[in-house]
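Q: Can you walk me through this one? I'd like the overall picture, then the details.

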Amino acid sequence: MKAESAVEKPKPKLREMLPGVWALVRPRRGLLALGFALMVVNRLAGLVLPASTKFLIDDVLGKRHITLLLPLVGAVILATLVQGVSSYSLTQILSKAAQRLIADMRRQVQEHVGRLPVAYYDANKTGVLVSRIMSDVEGVRNLIGTGMVEFVGALLTSAFALVILVRISPVMTLVALAFLIVLGAAMKQAMGKIRPMFRARPKIQAEVTGRLTESLGGIRVVKGYHAEEREAGVFSAGVQRLLDNVLKTLTAMSLMNLSSSVLLGLVSATIMFIGARQILSGAMTLGSLVTYTAFLAMLVSPMLQIVSIGTQITEALAGLERTHEVLRERPEDEDPRRTRVLGTVRGLVEFDHVSFAYEAGKQVLDGVSLRAEPGTVTALVGPSGAGKSTIIGLIAAFYVSSAGEVSVDGVDLAAVRLDSYRRQLGVVLQESFLFDGTIRENVAFSRPAASEEAILAACRIARVDEFAEAFPQRYDTIVGERGVKLSGGQRQRVSIARAILADPRILLLDEATSSLDSESEALIQEGLAHLMRGRTTFVIAHRLSTIRSADQILVVEGGRIIERGRHEALLAARGRYWDLYSKQHGIETNILLSPGEGREEAEPAEASADVGDVSESASALAEGVRLLRRRDE
């Protein structure tokens, strides 16, 4: 799955991003106004020291006006104190406001991402989404915090300095401005080349983070196939791409610094030459030249800052662009069609010539029609990729059909408010996902306000109590990330207890017993029977103990329902279901026997085997075992 969407979306412009940023800034506009006021005070106070040099050299030292020394020193000290206090206050106010803004944006992006449809998660890696939530919003501090304010302050100071410089020497000021215009043009050209590098960096970093997250999450598979070096190589290649990007930007920034230093050196040398000539001719005093030089430094300081602040702003805008891309995605519950609020669901589920494709031109379901009466059990069987999980996904409203209608109690699911529907939905998936918390917290996830008695009752029905009460911490035992401290069967039992506690009207079991051995499965059949009682249930399962008693079995193949009926009727028809069933039984009987053993064939009706994709994959497995035996012999 690609980290980014297959279709390249146009990048949002800055003016398109401003409303979203302003919505977060608006509550802090008072603090920002105070910050800018402090910045003005800070910059005005900063003018006192360079302005005092003229009076010190020309009046105190040159004309021996000793009485001006103490007031001059006092003014400098006072201005320095004002500048220090305002600078400290500015940092405290704006830096903390920027960090709070970052926290708010992270909350906003996470909440928005959590409301996006499942299809969005199918198209984006987890690590990429984590990077967008945690890293991309970091750049906001460069737009809202002290960085931008300092830059604006420097521009304000340069404006004050320009006025003073023109009054001291218009000729030297025009010469200095000519150099600075050339420097500004060069900086603009350079920033145009650096900006794409900074835009690419977050994307590269997100891809590297995504791959690392996958690798760490699948560490057992990595170690099981001794692929540590291979994964290290993949990660190293990603880190190298990131390093190459950083080195390119550092080189470009170094060239910018070199250019600015050379040009500013030329400005200083030119001003020194002209100033010295004017002093010798009597057109300027020594104090005026020293003061002019000090204010010239203030004039050019934004040019010196533009390299660092420009890259910071570029990074900030790149992060905001990526954040804005996420925020532009429409949450699934904001679909304008979703206006119907469901009351208590009876559980009548119908598909009316439903078609669906994850990608254009690649049909997964083609004209599927089915009807599940309230309180009945519908089993889905068939080979891998037939479309069974897609049917479950459509019933769960994870996806919207591209043609046809999926309805519950006669109401089109595409028009239903999801909060009113999913509260009455229970899901037990093939991969039983548990959070890194206690057993109790994971069971209560479906109904956080449930009482302790209800939680324990659900655990007893799902047979969670049999292993949980054997732990020293009992139901407060930490299960670890993704439940790694529990066995597969134990994780599945916790998932089933979670579904029991939800008390749903429609229940979806996607291979709910796939992680259980025969003994464990037998233990929780009573719990499953309790869970399914009175509820409309859809089951993707390969074990006949689950599907033989189903009210209807749907054989799905190639995105179509090719057979439907009860177990006995489908066997009697000797069609595709019978074929899968018989093949499965024969393989399960003979796959692990030596040649010549176990020639007796049992009747299909006596088998306790899997059907569907297990039978298909088992055929390949049996052939593989025979080839291995032949090689060993």
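What follows is a short chat about this predicted model.

Q: How many helices and strands are there in the protein?
A: The predicted model has 23 helices and ten strands.

Q: And what share of the residues is buried?
A: Of the 633 residues, 44% are buried.

Q: How about the surface: what does the accessible area come to?
A: About 32400 Å². Carbon and sulfur atoms hold 59% of that.

Q: What fraction of the contacts with a separation of 6 or more joins residues 24 or more positions apart?
A: That fraction is 78%.

Q: Remind me, what holds paired strands together in general?
A: Backbone hydrogen bonds, in either parallel or antiparallel pairing.

Q: How many bridges join strand 1 and strand 4?
A: Five, in the antiparallel sense. Strand 1 covers residues 349–359 and strand 4 covers residues 403–408.

Q: Strand 3 and strand 9: parallel or antiparallel?
A: Parallel, over four bridges. Strand 3 takes in residues 377–381. L380 stands opposite L554 in strand 9.

Q: And strand 9 with strand 10, parallel or antiparallel?
A: Antiparallel, with five bridges. Strand 10 is residues 560–565. There, V556 stands opposite I561.

Q: How many residues lie between the strands in that hairpin of strand 9 and strand 10?
A: Two. In this hairpin G558 takes a positive phi near 60°.

Q: Switching to charges. How many salt bridges does the count come to?
A: The count comes to twelve.

Q: What pairs with D551 in a salt bridge?
A: R566 does, with the closest N and O atoms 3.9 Å apart. D551 lies in the loop between helix 20 (544–547) and strand 9, and R566 in the loop between strand 10 and helix 21 (567–573), so the pair ties together parts that are 15 residues apart in sequence.

Q: How does D551 count at 37% relative accessibility?
A: D551 counts as partly exposed at that value. R566, at 38%, is partly exposed too.

Q: What about E557, which residue does its side chain meet in a salt bridge?
A: E557 meets R576, at 2.7 Å from N to O. E557 lies in strand 9 and R576 in helix 22 (residues 576–590), so this pair ties together parts that are 19 residues apart in sequence.

Q: Is R576 buried or exposed?
A: R576 is buried, at 18% relative accessibility. E557 is partly exposed, with a relative accessible area of 29%.

Q: Which residues are linked in a network of salt bridges?
A: E350, R371 and E373 are. Within it, the side chains of E373 and R371 meet at 2.5 Å, N to O. E373 is partly exposed at 34%, and R371 is partly exposed at 43%.

Q: Last topic. Which residues form the nonpolar patch on the surface?
A: L56, L61, I66, L69, V73, I77 and L81. Together they have about 620 Å² of accessible area.

Q: Which helices each supply at least two residues of the nonpolar patch?
A: Helix 3 (48–62) and helix 4 (69–114). Helix 4 gives the most, with four residues.

Q: Where does I77 lie?
A: I77 lies in helix 4. It is partly exposed, with a relative accessible area of 49%.

Terms used
Residues numbered from 1 in each chain as written. Predicted model: local features only at pLDDT ≥ 70, side-chain atom pairs only at ≥ 80, totals over all residues. Heavy atoms only, no water. Pairing = 2+ DSSP bridges. Patch = residues over 30% accessible without salt bridge, like charges linked within 9 Å, V, L, I, M, F, W, Y side chains within 5 Å. Areas by Shrake-Rupley, 256 points an atom, 1.4 Å probe, with all protein chains shown as cover. Salt bridge = Lys/Arg side-chain N within 4 Å of Asp/Glu carboxyl O. Buried < 20%, exposed > 50% of the residue type's maximum accessible area, 1.4 Å probe, protein only. Contact = heavy atoms within 4.5 Å.
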